[in-house]
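Please keep the viewer at hand as the sections go by.

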Amino acid sequence: MAAFKNSFKRVLNVLSKNAFTSSNICTAGQHGINRYFSSCLLNPLAIRSPLSLLSPGQTCASHKSNHFHTTPLKHDLMEFFDRKEVWGESSVASGRPYRLEELRIKSNQDLHKLWYVLLKERNMLLTMEAEYNRNTELFPSPERITKVEESMENILEVVKERNNAVSLLETGKPADPGGAYVRDFLGRVRWRKFSEYAVPSHMNKAHRLLFPRGFNKLHLKYLPLWRQKIARFRWYHYHRQVKENQELVKKFPHLEGKLHVPLPEEPQVY
């Protein structure tokens, strides 16, 4: 109680120096503290606000108080546009995106604030890009959008790492639900990522149609035809790229031996 009383005195002194009138308020505040704690000891439910310790004649000097804001307030649509000083400029100076090692040392509250700052910046840049396109003009420094999106992706990666760490500590399992290879209604084996659904799988009609439990084996004869179609498509583009490279070598002999086309992979259809 003594420590809390001392801290309460310091708070009241700060308030009296910044928001109230001169020294008579401080003197009255000291007597008010004694009355306040006496009333709290006699009746704990009758706790009043510290401002009620002042008598009606001792009012606040509003003309002497300092009102300030840490950020400018804007409640109009101009927040979706860049500042007017850079309108019509060919380039706009910008910094680099946030790195993972920089975001890992920030608290969750700082990451939350930074996320919304980047979100507002991305919305502003996308709005400016659309406006420049509407006026058939070049958007200055379009790499700013990529930098903001990279920073947001890094924030999501850091949040994912922390969620996995907490889940491993509490349950011994990662927070990521993972996935599994399942066979769809066409018989193809697909990687399906697990996620939460409002309706269970056995009650979800769309899920039961896409991933039926009892797969019809009559569809297996179509899987080789499916693999053949995918392979023909990949080899077609491979030969087309090789032919284009040969034509480029004829026009530019110094490119001989420098153009390589990787062989297409076999389709993973089981």
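## Ground rules

Contact here means heavy atoms within 4.5 Å. Helices (H or I, at least four residues) and strands (E, at least two) are DSSP runs, numbered from the N terminus. This is a predicted model, in which local features need pLDDT of at least 70 and side-chain atom pairs count only at pLDDT 80 or more, while totals for chains, interfaces and linings use all residues. Residues are numbered from 1 along each chain as its sequence is written, and side-chain values use heavy atoms, with hydrogens and water left out.

## The chain as a whole

The chain has seven helices and two strands, and along the sequence they come in the order α-α-α-α-α-β-β-α-α. Of its 270 residues, 20% count as buried. Buried means under 20% relative accessible area and exposed means over 50%, with partly exposed in between (1.4 Å probe, protein chains only).

Among contacts between residues at least 6 apart in sequence, 62% join residues at least 24 apart.

## Helices α4 and α5

How do α4 and α5 pack, and at what angle? Helix α4 (residues 108-134) and helix α5 (residues 143-170) pack at about 155°, and their axes are 9 Å apart. That makes α4 roughly antiparallel to α5. Axes are lines fitted to C-alpha atoms, for helices over the stretch in contact, and angles run from 0 to 180 degrees between N-to-C directions. Angles under 35 degrees count as roughly parallel, over 145 as roughly antiparallel, 65 to 115 as roughly perpendicular and the rest as oblique.

On the α4 side, the residues that meet α5 include L111, L114, W115, L118 and R122. Their partners in α5 include I145, V148, M152, I155 and R162. The residues of this contact divide into 14 nonpolar, two polar and six charged. For this count, Ala, Val, Leu, Ile, Met, Phe, Trp, Tyr, Cys and Pro are nonpolar, Asp, Glu, Lys and Arg are charged, and the others, Gly among them, are polar.

## The loop between them

Two residues in the loop between α4 and α5 deserve a look: T136 and S141. Phi of T136 is near 50°, a positive value in a residue other than glycine, and phi of S141 is also near 50°. Are they buried or exposed? T136 is exposed, with a relative accessible area of 72%, whereas S141 counts as buried at 8%.

## Aromatic pairs

The structure holds three aromatic pairs. Rings of Phe, Tyr and Trp (its six-membered ring) pair if their centres lie within 6.5 Å; planes under 30 degrees apart count as stacked, over 60 as edge-to-face and the rest as tilted. One of the pairs joins Y132 and F139, with ring centres 5.7 Å apart and planes at 65°, so this pair is edge-to-face. Y132 and F139 are both buried.

Another pair is formed by Y181 and W191, whose ring centres are 5.1 Å apart and whose planes are at 70°, so it is edge-to-face. This pair links Y181 in strand β1 (residues 179-183) with W191 in strand β2 (residues 189-193), ten residues apart. Both Y181 and W191 are exposed.

## A leucine in α7

L248 is found in helix α7 (residues 223-251) and is partly exposed, with a relative accessible area of 35%. Leaving aside neighbours within four places in sequence, L248 is in contact with L255 and L259. L248 and L259 are eleven residues apart in sequence and 9.3 Å apart in space, C-alpha to C-alpha.
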